[in-house]
Amino acid sequence: MTAIADSGSRAAGGSAVADTLVVTWRNLKRIPRIPELAAFAILQSVMFVLLFAYVFGGAIAVEGGSYREYLMPGIFAQTLAFASATTTVGVTDDMQKGLVDRFRSLPIARSAFLTGRTFADVAYNAGILVVLMLSGLVVGWRVRDGIGQFLAGFALALLFAYAMSWMGVFVGQLVPTVEVAQQVAFTTIFPITFLSNAFVPLESLPGWLQPFAEWNPVSTLTQSLRELFGNPVGQQGDGFPAEHPVLLTVIWALIFVAVFAPLAVRRYRDTSK
């Protein structure tokens, strides 16, 4: 979308789509070269699975099924939310190293640097999501509503990851160093993920926090995945988020892209002047 919008301003030689694919491939090639990035991201998520499943699982009761099945969609949503932190740090690192100046000197679409980053991050997160699902199977998580619902849930999760990556791209251009990027990203994402239904039912939260948690995009994604995968959903409310979590998650994703994609492109253009 952004690459097409920017096609009028790009230099000659190669389409914006082709430029985006080249940058996407460049970002994906970094994964085998720096395997520690994926390894620690997976390790952190698996650690959350084990801690909550075996340490807190016996203390948290969930209506309609086991806590482990209730937990896993929350772990998926949390991991995808934290993926924006990885994007933020990566973009900041590229800008610090002068990579933007090198891309600016090439005859490619300006937006390819940004769109290529977001597409690569979606592919990266898809791989981590598969690993998490396999670890979930080990601790007792199951998909109970068929392959169609599973694929719909997987696609919804990747749409959310794509939207979050645009926020990461924008924030990554605002901060001066990688260290600051890490602090800003995790300080922002931690409250969003834990003030949600990812790990505990909403009714267990203080009453004044429940409206925020109910409309939280991490909560709507978690609830959507629970419904699509046939996992326990806990006690359902009667508000719009409880009755239409999939629709609300799509709306949140579209809002994130509509807000942060233009801001990120504008920031990149201003930086390139």
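Which residue forms a salt bridge with R117, the closest N and O atoms being 3.4 Å apart? It is D121. A salt bridge here is a side-chain nitrogen of Lys or Arg within 4 Å of a carboxyl oxygen of Asp or Glu.

Some ground rules. This is a predicted model, where local features need pLDDT of at least 70 and side-chain atom pairs count only at pLDDT 80 or more, while totals for chains, interfaces and linings use all residues. Residues are numbered from 1 along each chain as its sequence is written, and side-chain values use heavy atoms, with hydrogens and water left out.

Now the overall fold. The protein has 13 helices and 0 strands. Helices (H or I, at least four residues) and strands (E, at least two) are DSSP runs, numbered from the N terminus. Of the 273 residues, 50% are buried. Buried means under 20% relative accessible area, exposed means over 50%, and partly exposed is in between, with a 1.4 Å probe and protein chains only.

Back to the charges. Side chains of opposite charge can pair when their charged atoms come close. The structure holds 3 salt bridges. D121 and R117 both lie in helix 7, 4 residues apart, about one turn of the helix. Both are buried. Salt bridges that share partners join D94, R117 and D121 into one network. R117 also pairs with D94, with the closest N and O atoms 3.8 Å apart. That pair links distant parts of the chain: R117 is in helix 7 and D94 in helix 5, 23 residues apart. D94 counts as buried because its relative accessibility is 3%. R117 is at 8%, so R117 is buried too.

One more bridge. R144 pairs with E69, and their closest N and O atoms are 2.4 Å apart. R144 sits in the loop between helix 7 and helix 8, E69 in helix 5, 75 residues apart. E69 is at 7% relative accessibility, so E69 counts as buried.

The loop between helix 7 and helix 8 (146-174) also holds G140. G140 and R68 are 72 residues apart in sequence, yet 6.4 Å apart in space, C-alpha to C-alpha. G140 is partly exposed because its relative accessibility is 27%.

The largest pocket holds about 700 Å³ of space. Its lining has 27 residues, and the closest to its centre are L37, A41, A85, T86 and Y124. Helix 5 gives the largest share of that lining, 9 residues.

The second largest pocket holds about 310 Å³. It is lined by 17 residues, with L202, E214, Q235, Q236 and G237 closest to its centre. Helix 11 gives the largest share here, 3 residues.

Last, the surface. W215, F240, L247, I251, I255, V259 and L263 form a nonpolar patch with about 560 Å² of accessible area together. Patch residues have over 30% relative accessible area and no salt bridge; like charges are joined within 9 Å, nonpolar side chains (Val, Leu, Ile, Met, Phe, Trp, Tyr) within 5 Å. Helix 13 (residues 245-272) gives the most, 5 residues. I255 is in helix 13. With a relative accessible area of 40%, I255 is partly exposed.

Notes. Areas by Shrake-Rupley, 256 points an atom, 1.4 Å probe, with all protein chains shown as cover. 1 Å grid on protein atoms, 1.4 Å probe; cavity = no way out; pocket = protein on both sides within 12 Å on 5 of 7 lines; lining within 4 Å. Points joined across faces, edges and corners; volume = space filled by probe spheres on them.
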